[in-house]
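Student: I have a structure open and I'd like to learn how to read it. Could you walk me through some features?

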Amino acid sequence: MPAKKDLLFLTGMLGSGKTRVGKLLARQLGWKFYDTDHEVEAAAGMTIAALFEKSGEARFRRLESDALRSLKGKGPAVVATGGGLPLRSANRSFMKAVGINVHLSVPTAVLARRLKAASIKKRPLLKNGLSALKTLARARAKIYAEADLVVLASESPAKVAAELKTALRTMVPGFLP
């Protein structure tokens with residue numbers, strides 16, 4: 001018997017608004033909210049930046065996959081995923097099996113404005129500066145395009161959440177309350 005689809009996964013580049021939109025949407029729906037980055041930090045007992053430095057990206061990605069799978073059966077919930085989480089095909093398959101995957105699409109120019117210099121230091125994959133942003137976006141574009149739904153997320157979190165609810169009601173009838 002297939003798993004009940006009761007998780008809404010928000011995917012996208014760092015700075016795309018997954019956490020802000022996700023928290024707002026979860027509150028509006030009366031659903032739980034999870035952030036896989038926070039789940040990884042709790043499991044590792046350190047920040048993602050420290051985890052990258054101490055154990056490397058491969059260890060982080062394993063913990064990220066574990067955090068994702070730990071959410072099965074914890075819905076209905078909105079889940080903000082780490083930007084690279086969908087890169088693993090097993091993660092994409094899991095998300096497809098238990099939920100709806102929504103990609104929050106944001107042009108790199110908007111991402112660059114959102115990711116100010118102060119926050120870049122917290123982002124291990126941007127340690128070489130914002131020039132890495134375009135490279136990451138190009139590398140991930142095909143994977144993100146596999147989402148069940150793509151929503152332009154350049155506007156305010158409130159507007160994006162409203163547009164997302166409308167799109168989900170239209171494209172995935174019966175998924176939202």
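Student: How are H3 and H4 oriented to each other?

Tutor: Two packed helices are described by the angle between their axes and the distance between the axes. Helix H3 (residues 48-55) and H4 pack at about 130°, with axes 7 Å apart. H3 and H4 are therefore oblique to each other; angles under 35 degrees count as roughly parallel, over 145 as roughly antiparallel, 65 to 115 as roughly perpendicular and the rest as oblique. The axes are lines fitted to C-alpha atoms, for helices over the stretch in contact, and angles run from 0 to 180 degrees between N-to-C directions.

Student: Which residues make that contact?

Tutor: Contact means heavy atoms within 4.5 Å. From H3 come Ile48, Leu51, Phe52 and Ser55, and from H4 come Glu57, Arg59, Phe60 and Leu63. Sorted by class, that is five nonpolar, one polar and two charged residues. Here Ala, Val, Leu, Ile, Met, Phe, Trp, Tyr, Cys and Pro count as nonpolar, Asp, Glu, Lys and Arg as charged, and the others, Gly among them, as polar.

Student: Where do these numbers come from?

Tutor: This is a predicted model: local features need pLDDT of at least 70, side-chain atom pairs count only at pLDDT 80 or more, and totals for chains, interfaces and linings use all residues. Residues are numbered from 1 along each chain as its sequence is written, and side-chain values use heavy atoms, with hydrogens and water left out.

Student: Which residues of H4 are buried?

Tutor: Buried means under 20% relative accessible area, exposed over 50%, partly exposed in between (1.4 Å probe, protein chains only). In H4, the buried ones are Phe60, Arg61, Leu63, Glu64, Ser65, Ala67 and Leu68. Ser65 also has a polar partner: its side chain makes a polar contact with that of Asn91, at 3.0 Å. A polar contact is a pair of N or O atoms within 3.5 Å; within protein, one must be able to donate a hydrogen and the other to accept it, and residues adjacent in sequence count only if both atoms are side-chain atoms.

Student: Is Asn91 buried or exposed?

Tutor: Asn91 is buried, with a relative accessible area of 1%. You'll find Asn91 in helix H5 (residues 89-98). Neighbours within four places in sequence aside, Asn91 is in contact with Ser65, Leu68, Arg69 and Leu85.

Student: What does H1 pack against?

Tutor: The buried residues of H1 pack against strand E1 (7-11), strand E2 (32-35), E3, strand E4 (99-105) and helix H9 (157-171). One of these buried residues is Val21, with a relative accessible area of 3%. Not counting residues up to four places away in sequence, Val21 touches Leu10, Leu104, Pro157, Val160 and Ala161.

Student: What about backbone angles?

Tutor: Most residues other than glycine have a negative phi, and most peptide bonds are trans. Just after H1, Gly30 takes a positive phi of about 75°. A cis peptide bond joins Gly75 and Pro76, with omega about 5°. Pro76 is in the loop between H4 and strand E3 (77-80).

Technical notes: Helix = DSSP H or I, 4+ residues; strand = E, 2+ residues; numbered from the N terminus.
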